[in-house]
Amino acid sequence: MSDITSLTLTQTLKALEDKEFSEQDLNRAYLERIKSFNPKLNAFLEVIETKLGIPAAIKDVISTKGIPTTAGSKVLEGYIPPYNATVINRLLENSVSIIGKTNCDEFAMGGSGENSAYGPTKNPWDITKVPGGSSSGSATAVAADLCVFALGSDTGGSIRQPASLTGIVGLKPSYGRVSRYGLIAMASSLDQIGPLTKSVEDAALVLEWISGSDGMDSNCRAEKWEMRGMGEIRGIKVGIPKEYFGKGLDPKVKKVIEDAIKKLEELGAEIVEVSLPHSPYALPAYYIINPSEISANMARFDGIRYGSARQNFGQEVKRRIMLGTFALSTGYYDEYYAKAAKVRTLVKQDFEKAYEKVDVIVGPVSPTTAWNLGEKVDDPLKMYLADIYTISANLAGIPGLSVPCGFSEGLPVGLQILGKHFDEETVLRVGYAYEQATNWRKEKPKL
Amino acid sequence: MTKYEPVIGLEVHVELNTKSKMFCRCSADYFGKEPNTHTCPTCLGLPGALPYINEQAIDDCIKIGLALNCTISPKSLFERKNYFYPDLPKGYQISQYRWPLCVGGKITLDSGEVIRINRAHQEEDTGKLTHKGRDTLIDFNRSGVPLVEVVTEPDFTNVEQIRDYAKKLQQLFRYLGVSNADMERGDMRLEANVSIRPETDGGLPNYRVELKNINSFRFMVAAVEYEIKRQIAAIEKGEKLSQETRGWDEDKKCTYLQRSKEEAHDYRYFPEPDLPELILDTKKIQQIKNSLPELPWSRLKRYEEEFKIKRADAQILSEDKKLAEFFERALEYGKKHQVSTQEIANFIINRKPDINSVLPTQIIEDIKGKKVGVIDNDEVLEKLANQAIEDNQKSADDYKAGKENAIQALIGGVMRLSKGKADAVSVKKILERLLKI
Amino acid sequence: MKLTKDQVRHVAKLANLPLTSEEEEKYSEQLSKILEYIEQLNKVDTTGVEPTFNVSGQENVMRKDEAESSLSQEEVLQNAPKKEKGLPAGQAGFFVTKGVFDK
């Protein structure tokens with residue numbers, strides 16, 4: 001039965017259609033694996049004994065009606081939403097069942113999974129290492145074949161980075177592609193829900209299912225997204241930002257990425273050097289805008305209608321609330337928040353200028369592979385600096401994909417593919433072409 | 001001895017009568033309903049919920065702004081106003097700050113003074129608190145209902161002006177049909193900012209005292225009057241006046257400190273990320289402008305100038321839109337029957353007919369009846385009726401044969417013979433009697 | 001930019017986050033370090049640059065004024081903290097919190 005759980009979503013759907021096994025077999029197989037491996041990995045906070053449907057794992061910041069939703073926090077321990085997030089309804093309409101809610105950094109604040117109030121999730125490739133975050137549980141669940149696919153959320157890299165560190169596919173859609181209704185908000189102008197999957201084709205399919213507005217999210221485009229076809233990438237212009245290959249990038253990871261870029265060239269892509277000159281300022285701008293919006297989004301947790309006292313917030317949450325409150329306060333708004341919003345414009349314009357010359361931008365997702373549990377917990381700034389390649393996409397609202405592109409010292413490395421706003425199609429085409437020309441996806445962690 | 005004068009600005013909040021709330025589809029008709037039965041994730045502030053703008057509310061706010069001679073901003077944004085209070089479920093109110101919908105208007109009071117309107121903007125209402133012993137109970141049915149806030153410049157100098165302004169605004173909201181503006185029900189709420197300055201000094205004082213949470217107009221006026229006296233007395237004693245928020249104590253008949261400057265809220269406004277910007281084009285604004293009814297003060301002026309009705313009467317007739325429309329229909333009908341405008345005005349003002357059950361045409365008939373003298377003497381009428389039957393034997397026969405409608409021709413005959421003075425109801429009864437076989 | 005303990009206390013109050021004296025100390029150090037890093041933004045020339053608050057590409061997103069059904073009172077109250085039994089009449093249906101007085 002172990003073969004069933006190593007199948008991708010696309011393969012699973014075909015197998016069910018061909019009656020190779022039943023939905024009951026499918027669910028039983030996954031539940032068995034969860035029982036065996038979750039105690040060690042701590043990917044799931046809540047497991048549901050599903051019998052039918054395609055079992056998917058849902059990050060615990062996404063509201064599920066009647067199912068506890070904790071956002072990885074003690075403040076929401078026992079909270080049961082009276083409504084489903086839009087994306088959940090979309091999945092249910094497509095015969096998906098929810099096999100569990102996955103662990104994450106508290107309120108999605110973190111890049112390692114260690115900020116969860118329910119203990120960290122472990123990286124299935126090496127359980128002494130972090131899986132990345134904040135969609136730590138979702139990434140581990142997919143990498144360890146504990147579900148067919150998962151949903152996560154990405155505000156500054158929280159889908160792409162754990163996907164990279166655990167060797168799976170992670171897609172952050174364009175801002176405005178997927179409804180955020182039901183996603184426990186972290187930073188409203190940066191958050192997007194997206195799929196974590198075993199293949200690029202799977203990510204495209206899930207995006208089709210969950211995309212499009214339902215009249216609840218004012219920022220979400222009305223039209224559903226459809227993948228018109230993968231095909232070859234001959235002639236596609238791939239931009240390589242020189243700012244992403246400087247110091248700070250682990251030389252071994254750099255080598256893996258450069259090999260991946262060579263592969264794209266072999267497949268017929270034209271490699272063009274581009275510049276994103278405001279890159280060094282994207283991180284400080286992000287770390288003003290993100291905490292500012294967080295400080296307002298966390299204000300609803302007053303313990304009256306739901307949840308427990310605010311003292312129960314973890315350290316990172318408290319830090320960001322205070323940072324944001326400060327950046328918005330009288331006398332500081334212009335110097336911090338307004339200034340960061342202007343720098344955001346410059347970051348966005350950098351991409352727009354680059355996209356006049358190229359179709360996609362490619363580079364690393366993370367400066368390093370997975371690090372040891374406990375290594376960065378005491379230094380919040382160090383943790384923030386690991387987001388350096390991912391946050392610009394959230395500031396600009398453009399789509400980003402992480403696709404497995406190799407290993408460094410036994411740990412996975414992800415290739416980041418960034419596209420124009422609302423051009424997920426080109427991003428996925430490039431990712432698919434690369435994926436199919438390599439065998440990285442066939443590697444699985446030994447548990 | 002320095003003489004001081006009051007410097008007062010007013011903020012009015014009006015609750016719109018839209019069907020649904022400002023940012024969600026819950027019914028906005030919350031008054032008197034069971035607690036927490038008109039809420040959803042959005043107006044309850046549940047994690048993950050999002051706002052979605054009600055277009056009718058925006059239109060209503062623009063209507064109010066246009067009626068107050070404001071400029072409608074071509075670009076408008078909502079912002080988050082952040083503070084903690086149990087009736088505020090999200091811990092912030094979605095309101096407007098730097099980019100309000102309407103700016104820079106004016107309104108002329110009866111005294112001729114012009115009050116400048118600083119802005120009219122859109123926001124959402126909070127839940128309702130009630131106190132029970134040591135507990136506070138919260139009902140979120142009202143949370144999210146649309147509010148428009150109208151803010152004046154500190155142009156008021158006395159309480160009569162405030163009274164007039166409040167009355168005019170209430171009348172306007174009713175005329176526009178955007179709210180019942182009932183102060184008892186809380187549809188319309190008033191806040192005053194009061195300072196004083198030496199009479200010779202033209203500038204703005206460097207402080208102001210906000211009078212808030214006063215839920216009746218009578219108390220607000222009392223509070224303003226008290227506050228003016230209190231501030232003057234304080235300054236004359238050499239005390240320094242500073243920024244404060246004060247409430248009204250109806251038992252002790254005085255204002256009391258609620259929040260000092262140090263405790264003032266820092267609202268940390270920033271643009272609402274969940275709502276894309278509003279770009280209002282001139283076409284849409286013109287459409288809304290065209291849809292505005294005649295405003296109460298324009299109507300008042302027209303009655304005085306065009307119809308030559310004296311001011312006191314014109315005020316009564318134009319105060320309520322329904323009454324004004326009734327009056328004007330009566331005028332139209334009255335023209336055809338040589339009944340004068342003044343007669344109609346007097347009749348309505350003195351007799352106070354119930355305009356919900358009486359037609360404007362009936363007013364004219366009543367007036368005509370009283371003016372020319374109706375013939376209701378049965379003997380006289382019987383003579384005329386017999387004459388009418390003689391003149392129109394065919395109709396009489398038709399009626400006797402069962403054609404009930406034929407009686408109309410005979411009634412008409414009597415009316416002609418009496419030159420319209422016969423009482424139609426009595427005529428019909430008499431004809432029926434005479435024609436009974 | 002160095003944040004003093006007093007400033008941290010003030011910010012924590014604005015944010016409705018009660019902190020212990022130790023926490024005030026710890027956060028003032030950590031936040032100061034982060035703010036120092038953020039100061040780099042001062043190097044960027046943003047004259048004439050419009051701020052970006054929203055990257056959805058949408059404008060004028062509004063809905064018709066139509067009312068739909070709401071959550072039931074039971075659903076609304078289901079996550080409220082457990083209350084004592086034997087509540088006095090009239091508290092049914094309401095959320096309850098410690099007495100608060102005028103704003």
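Helices (H or I, at least four residues) and strands (E, at least two) are DSSP runs, numbered from the N terminus. Keep that in mind for the tour.

This is a predicted model, where local features need pLDDT of at least 70, side-chain atom pairs count only at pLDDT 80 or more, and totals for chains, interfaces and linings use all residues. Residues are numbered from 1 along each chain as its sequence is written, while chains are lettered from A and ligands numbered from 1 in the order in which they are written.

**Select chain C.** Trace chain C from its N terminus: the elements run α-α-β-α-β. That is three helices and two strands. Chain C has 103 residues, and 26% of them count as buried (20 or more other C-beta atoms within 10 Å of the residue's own, with C-beta atoms placed from the backbone).

**Colour by confidence.** Chain C averages 87, and 87% of its residues score at least 70. Now pick strand β1 (residues 62–63) of chain C: confidence is highest there, at 98. Move on to β2(C), where confidence is lowest, at a mean of 88. For the model, ipTM is 0.96 and pTM is 0.91.

How many residues does the contact take from each chain? Chain C gives 39 and chain A gives 44 (in contact: C-beta atoms, placed from the backbone, within 7 Å). On the side of chain C that touches chain A, select α1 (5–14), α2 (21–38) and β2 (95–98) of chain C; these elements give two or more residues. The largest share, seven residues, comes from α2(C).

Methods:
A residue is buried if 20 or more other C-beta atoms lie within 10 Å of its own, exposed if 12 or fewer, and partly exposed in between; C-beta atoms are placed from the backbone. Two residues are in contact if their C-beta atoms, placed from the backbone, lie within 7 Å. pLDDT is the predictor's confidence in each residue, from 0 to 100.
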